[in-house]
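User: Please take a close look at the ligand and its surroundings for me. I would also like to hear about the backbone and the charged pairs elsewhere in the chain, with the cut-offs spelled out as you go.

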Amino acid sequence: MDNNISYWEKTSFYDYDVIVVGSGIVGLNAAIHLRKSFPNLNVAILERGFLPSGASTKNAGFACFGSVSELIEQEKNTTTNGLHNLIQQRWKGLSKLRNLLGNETVDYQALGGHELFKNEDIELANQCVSKIEHYNYLIKDIVGKDAFYLSSHKIDSFGFKGITTMITNKYEAQIDTGKMMFALIKYAQSIGVSIFNSCTLEQIHHENNRKVLFTNQGMFSCTKLILATNAFIQSLVPSIELSPGRGQVLITKPIANLKIKGTFHYDKGYYYFRNIDDRILLGGGRNIDFKAEETTSFGETSSIQSALENLIKTIILPDQSFEIDLRWSGIMAFGRSLEPLITEVEENVFCATRCNGMGIAIGTQTGEDVAELVIQSGL
Ligand SMILES: Cc1cc2nc3c(=O)[nH]c(=O)nc-3n(C[C@H](O)[C@H](O)[C@H](O)COP(=O)(O)OP(=O)(O)OC[C@H]3O[C@@H](n4cnc5c(N)ncnc54)[C@H](O)[C@@H]3O)c2cc1C
């Protein structure tokens, strides 16, 4: 072993019962569930970034379970029963996250979520309005009564231009993503999970009953391995079916008397925006160039960034000037199936990936589910 590793380091820092790779919402929750279930279990997380560097610290912080137009598409993909199960998982995942960390810690605010339709999309708007009753009935046993309602009369109160139909989901909320991830990391550490940053898993070797992990910081070993590397998993397990999807985001500087409060979905969910600290955070536009955005590389493109700015100028804040403060991107993982992929890829190597852009809702449950799979395999 190189890296100038001492005997003391080798014997105390590198061997674990379970190693989780990836400190996103899924990996952290997997490690937390394992330690809570078995307080003496030796659990570590290896994270290649100085901070978690995938989607979990880059997202928009919507605590959502789907807008009506998204649900229509998802119902086609997964049947009505399948959709009911998915919404149940999303809702359960959100409740678990809130119970684990507390609403105040993650700044959970149930301000409602709104889907916006411009006049040109009137056909889609009418189709969505006609489905409100259907979805309210489908999910009333999960979230409560009358989640969705037509709220076009409130469009003017937000100051939007060119929007003619709005559907509100009264159970949709928002969180502060940074606070959530900071708290999850602190929680994991407080119950004894070791987290190593700037540590990239490069190769997995199998030696007797142990997994030997080759990293840029030396060789780790464990009995059970969980890969929670989401969109980046194919470099470790090429056979996994998923497509990466980059999400570009920008945030404005604070805006005086900002009327916009809540989470907003536009153009079938391809654009999303919300208020945070008197600013507008806006993301999306992957549909402008799906091919270019099917990448695991971070970065912004001028075409998508211009489309985002244009949306603010023409629709979101038509009568107000604004300045952009920050731009960034994150990488999601999508699959043909809407369910996350939670499986044993080979003996004692497990994976939990592909939250399909809904990891705030589904990530806690996904982490728990893969941890349960490890527990069932015998510890
Ligand atoms: C722009 C954007 C907006 C989004 N908005 C929302 C939203 O509003 N609501 C919502 O519910 N979801 C949203 N999502 C999706 C959500 O963020 C993800 O579904 C969720 O964060 C996935 O969590 P994860 O733990 O599976 O993956 P990630 O957070 O990607 O974590 C994987 C981790 O693995 C690490 N890693 C990768 N390879 C290695 C390696 N070889 N060795 C060590 N570490 C490695 C990465 O650095 C990363 O930290 C959004 C995503 C993006 C990008």
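Analyst: Happy to! A residue is called buried below 20% relative accessible area, exposed over 50%, and partly exposed in between, with a 1.4 Å probe and protein chains only. The model is predicted, so local features need pLDDT of at least 70 and side-chain atom pairs pLDDT 80 or more, while totals for chains, interfaces and linings use all residues. Residues are numbered from 1 along each chain as its sequence is written, and side-chain values use heavy atoms, leaving out hydrogens and water.

Let's start at the ligand. There are 37 residues around the ligand, each with a heavy atom within 4 Å of it. Those that come nearest are Glu 47, Ser 53, Ser 56, Phe 62 and Ile 360. By class, this shell holds 20 nonpolar, 14 polar and 3 charged residues (Asp, Glu, Lys and Arg count as charged, and Gly as polar).

Now for the polar contacts, which are pairs of N or O atoms within 3.5 Å. Asn 59 instead uses its side chain, with a polar atom 3.0 Å from a ligand oxygen. As for cover, the ligand taken alone exposes 1000 Å², and the protein buries 97% of that (Shrake-Rupley areas, 1.4 Å probe). Two or more shell residues come from each of α2 (25-37), β12 (243-252), β16 (324-334) and α9 (359-376), where helices are DSSP runs of H or I with at least four residues and strands are runs of E with at least two.

One of those elements, α9, leads us to the backbone. Asn 356 is found in the loop between β18 and α9, and its phi is near 50°, a positive value in a residue other than glycine. Most residues other than glycine have a negative phi. Asn 348 also has a positive phi, near 65°, and its place is in the loop between β17 (341-346) and β18 (349-353). Both count as buried: Asn 356 has a relative accessible area of 13%, and Asn 348 is at 15%.

A salt bridge here is a side-chain nitrogen of Lys or Arg within 4 Å of a carboxyl oxygen of Asp or Glu, and the whole structure has 10. One of them joins Glu 241 to Arg 354, with the closest N and O atoms 3.5 Å apart. This pair links distant parts of the chain: Arg 354 is in the loop between β18 and α9, and Glu 241, 113 residues away, is in the loop between β11 (218-227) and β12. Arg 354 is buried at 6% relative accessible area, whereas Glu 241 is partly exposed at 31%.

Another bridge stays within a single helix. Lys 76 and Glu 73 both lie in α3 (residues 68-101), 3 residues apart, about one turn of the helix. Their closest N and O atoms are 3.1 Å apart. Lys 76 is exposed at 59%, and Glu 73 is partly exposed at 41%. Finally, Glu 294 pairs with Lys 291, with the closest N and O atoms 3.8 Å apart. Here Lys 291 is exposed at 64% and Glu 294 partly exposed at 40%.

How values were computed: A polar contact is a pair of N or O atoms within 3.5 Å; within protein, one must be able to donate a hydrogen and the other to accept it, and residues adjacent in sequence count only if both atoms are side-chain atoms.
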